Structure formats: C-alpha cells, structure tokens
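Welcome, and please take a look at the chain shown here. A short briefing on its fold, core and surface follows the display.

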Amino acid sequence: MADYNASNTDVKVFIHNPEVGSKSQSAGSIAKDVYDYIAGLDSTNNKIISISHSTLRGDRVMTMIVSGA
C-alpha cells in the first residue's frame, strides 16, 4: 500500500456553475478546467485517487480531485 503524505498527495478543488460543456470549450467551464488539470498530471507520479462532486448553496458545484504518488 502506498504511503500517502503531504509531500506526495495533492488536492485540487474547483467551484463552477453546473453548465453543460466539453473539454474543447474555453477555460472557466467545469469540463475544460477538470480536463486540463487531469491532463496536466504526470501519469507516473500523480495517479488519481478520487474525484468527487458536491452541490453548494445556490447553483454551484464543487469538484475535488485527489492525486498522489
């Protein structure tokens, strides 16, 4: 089992309006921002541990991506 700690684990949080989109849209859409973050991870050192979503007050959605080595 991996030894996850502060030096090899990262958490990225996005807050967006839940609008339909795709990775080809401009920055600022949930699909594009999440895609860019995941595509920018180093596949040998930054494996995705989890991706979760939660609704916030109003009409916003929080997406949290946890990655680690």
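The notes below go from the overall fold to single residues.

This is a predicted model, in which local features need pLDDT of at least 70 and side-chain atom pairs count only at pLDDT 80 or more, while totals for chains, interfaces and linings use all residues. Residues are numbered from 1 along each chain as its sequence is written, and side-chain values use heavy atoms, with hydrogens and water left out. The chain has one helix and three strands, arranged along the sequence as β-α-β-β. Helices (H or I, at least four residues) and strands (E, at least two) are DSSP runs, numbered from the N terminus.

**Confidence**

- The mean pLDDT (the predictor's confidence in each residue, from 0 to 100) is 85 for the chain, and 97% of its residues reach 70 or more.
- Confidence is highest in strand β3 (residues 61-68), at a mean of 92, and lowest in helix α1 (residues 30-39), at 89.

**Overall dimensions and packing**

- Taken along the principal axes, the C-alpha atoms fill a box of roughly 40 × 25 × 15 Å.
- The accessible surface of the chain is about 4800 Å², and carbon and sulfur atoms account for 54% of that surface; accessible areas come from the Shrake-Rupley method with a 1.4 Å probe, and for residues only the protein chains shown count as cover.
- Of the 69 residues, 22% count as buried, where buried means under 20% relative accessible area, exposed over 50%, and partly exposed in between (1.4 Å probe, protein chains only).
- Among contacts (heavy atoms within 4.5 Å) between residues at least 6 apart in sequence, 50% join residues at least 24 apart.

- Six residues make up the largest nonpolar core: F14, I30, V34, Y37, L41 and I65.
- Helix α1 gives the largest share of this core, with three residues.
- A nonpolar core here is a set of buried Ala, Val, Leu, Ile, Met, Phe, Trp, Tyr and Cys residues joined through side-chain atoms within 4.5 Å.
- In soluble globular proteins, nonpolar side chains tend to be buried together.
- The buried residues of α1 are I30, K32, D33, V34 and Y37, and their cover includes β1 and β3.
- I30 touches H16, E19 and T63, not counting residues up to four places away in sequence.

**The salt bridge**

- The structure holds one salt bridge, a term that means a side-chain nitrogen of Lys or Arg within 4 Å of a carboxyl oxygen of Asp or Glu.
- The side chains of D36 and K32 form this bridge, at 3.3 Å from N to O.
- D36 and K32 are separated by about one helical turn, because they are four residues apart in helix α1.
- An α-helix has 3.6 residues a turn, so residues three or four places apart point the same way.
- D36 is partly exposed, at 35% relative accessibility, whereas K32 is among the buried residues of α1.

**Strand β1**

- H16 lies in strand β1 and is buried, with a relative accessible area of 9%.
- Leaving aside neighbours within four places in sequence, H16 is in contact with G28, S29, I30, D33, D59, R60 and V61.
- V13 is in strand β1 (residues 9-16) and is partly exposed, at 43% relative accessible area.
- V11, V13 and I15 form a nonpolar surface patch with about 240 Å² of accessible area together.
- Patches are made of residues with over 30% relative accessible area and no salt bridge, with like charges joined within 9 Å and nonpolar side chains (Val, Leu, Ile, Met, Phe, Trp, Tyr) within 5 Å.

**Strand β3 and the chain end**

- S67 sits in strand β3 and is buried, with a relative accessible area of 1%.
- Not counting residues up to four places away in sequence, the contacts of S67 include N8, Y37, L41 and I49.
- V66, also in strand β3, counts as buried at 14% relative accessibility.
- V66 and K47 are 19 residues apart along the chain, with their C-alpha atoms separated by 8.7 Å.
- Beyond neighbours within four places in sequence, V66 is in contact with T9, D10, V11, K47, I48, I49 and S50.
- A69 lies in the segment after β3 and is partly exposed, with a relative accessible area of 44%.
- From C-alpha to C-alpha, A69 is 27 Å from H16 and 19 Å from Y35.
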